[in-house]
Amino acid sequence: MEGHPTLQLRIFDLNCWAIRYLSKRRQERVQLIGDMLRRERFDLVLLQEVWSEQDYGNLKVKLGGCYPFSHYFRSGVIGSGLCVFSRFPILDTLLYQYSLNGYPYMLQHGDWFCGKSVGLVITEISGIVFNVYVTHLHAEYCREKDAYLPHRLVQAWELAQFIRHTSKAADVVLLGGDLNMHPEDVGIRLLRSWTGLQDAFTEATRFEGCEDGCTLVPNNCFTVKTELMPFPLGIRIDYILYKAVSSFTVKCEELKTTMGTAPGTDIPFSDHEAVMATLHIQRQGQAAGASLSTVELTLADVVTEARTEVGVGLRAAQRQRYSTGRMAVLALLLLLLQAVAALGALAGLAAGQPFPKLSFSLLAFLAIGVLLLATSLHLFHTIEVKMLQGTEEQMRMVLWALQEHPSDG
């Protein structure tokens with residue numbers, strides 16, 4: 001349809017690092033973020049780590065005149081931290097919470113308590129239906145020994161599946177968020193190859209910002225410098241991804257990242273740099289076709305690689321399940337031995353011997369505590385094993401389908 005009107009869409013994505021009571025200068029930074037969003041007037045704003053609903057409420061009041069539509073996604077113990085502000089009506093929303101999200105006993109990391117999820121808002125702009133996804137995947141913490149890689153791969157797989165199965169009625173798909181993965185990581189490659197999403201950074205006609213599009217950089221005063229020592233320029237873990245589903249084309253005209261401190265202040269908006277994309281959307285005469293053969297070959301390789309890593313995580317989870325189960329059995333046996341000893345004392349088998357009530361009670365409480373803890377961990381790792389097994393089975397089925405029915409895509 002030559003001459004059909006086109007649409008220009010401006011998107012803002014930021015991990016706000018707004019942990020209530022813990023983040024440095026949180027309230028001041030939330031105020032700065034609100035001021036900047038009012039000034040810039042983006043079409044869509046995607047935020048992560050807005051853990052405090054009070055912060056979200058303050059932003060909603062502050063931005064109400066510019067962004068009359070918004071949604072906050074609630075999940076987990078302290079919340080998903082995900083929210084969306086839009087200049088256009090939000091027609092529907094949906095939240096999917098990932099089946100695996102770290103370990104509850106890793107209190108110093110805390111990802112498990114957040115209920116990491118992907119949020120979907122559906123909006124219509126100039127007659128074009130947009131599925132807008134916002135997410136925050138599990139953090140890496142240690143790249144050399146990444147214990148959370150299998151969980152993050154499960155999240156990337158579930159994110160890709162969620163997008164595939166919910167975006168069929170959309171004209172354009174947008175995904176923004178902190179994916180906690182480098183561009184070359186298997187999780188990113190799995191997500192992109194399975195959904196067909198394009199990376200705004202690599203596709204942008206113009207780019208302005210941190211070198212290589214990095215969003216976690218050493219010169220940010222809030223970043224932990226030791227974690228970025230292997231990466232002198234920083235790392236790119238925040239993304240805006242997109243694709244056209246029906247008879248539309250989407251191009252990234254411009255991509256920017258924030259750099260350094262907020263205007264007129266001595267602090268940046270967050271420990272992450274924001275990503276800002278300007279997309280050009282145009283209707284075309286017919287639906288765009290894809291070269292399925294190349295896509296399928298790449299997808300099969302990536303799924304095989306991801307399945308291998310999930311298998312490694314599965315075997316580790318099975319070992320943890322066995323260890324915690326064995327600990328629970330030993331604690332139970334200790335309780336049974338104590339019960340036998342107590343019965344013997346009551347029956348007078350140890351006449352003339354003083355019964356050590358205090359020591360016996362302390363040992364019993366210790367055994368009960370170990371039994372409860374070990375049983376809880378055993379149940380948790382049993383669930384972890386089942387989730388990893390389920391993902392591995394799904395990947396096996398996809399590989400079989402790609403090999404047996406390549407023409408089906």
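Biologist: Why is Lys116 called buried?
Modeller: Buried means under 20% relative accessible area, exposed over 50% and partly exposed in between, with a 1.4 Å probe and protein chains only. Lys116 has 1% relative accessibility, so it counts as buried.

Biologist: What do these values rest on?
Modeller: The model is predicted: local features need pLDDT of at least 70 and side-chain atom pairs count only at pLDDT 80 or more, while totals for chains, interfaces and linings use all residues. Residues are numbered from 1 along each chain as its sequence is written, and side-chain values use heavy atoms, leaving out hydrogens and water.

Biologist: What makes Asp111 and Lys116 a salt bridge?
Modeller: The term requires a side-chain nitrogen of Lys or Arg within 4 Å of a carboxyl oxygen of Asp or Glu. Between Asp111 and Lys116 the closest N and O atoms are 2.7 Å apart, so the pair meets the definition. Asp111, at 6% relative accessibility, is also buried.

Biologist: Why is Arg25 called partly exposed?
Modeller: The relative accessible area of Arg25 is 36%, which puts this residue in the intermediate class. Its salt-bridge partner Glu28, with closest N and O atoms 3.0 Å apart, is partly exposed too, at 34%.

Biologist: How many salt bridges does a search of the whole structure find?
Modeller: It finds 17. Glu140, Arg143, Asp146, Arg152, Glu184 and Asp185 are linked in a network of them.

Biologist: What makes helix H5 largely enclosed?
Modeller: Helices are DSSP runs of H or I with at least four residues, strands are E runs of at least two, and both are numbered from the N terminus. H5 covers residues 186-195, and eight of its 10 residues are buried, so the rest of the structure largely encloses it. Among the buried ones are Val186, Leu190 and Trp194.

Biologist: Why are strands S8 and S11 called paired?
Modeller: Pairing needs at least two DSSP bridges between two strands. Seven bridges join S8 (residues 172-178) to S11 (residues 238-244), so the pair qualifies. The two strands run antiparallel, and Leu175 stands opposite Leu241 in S11.
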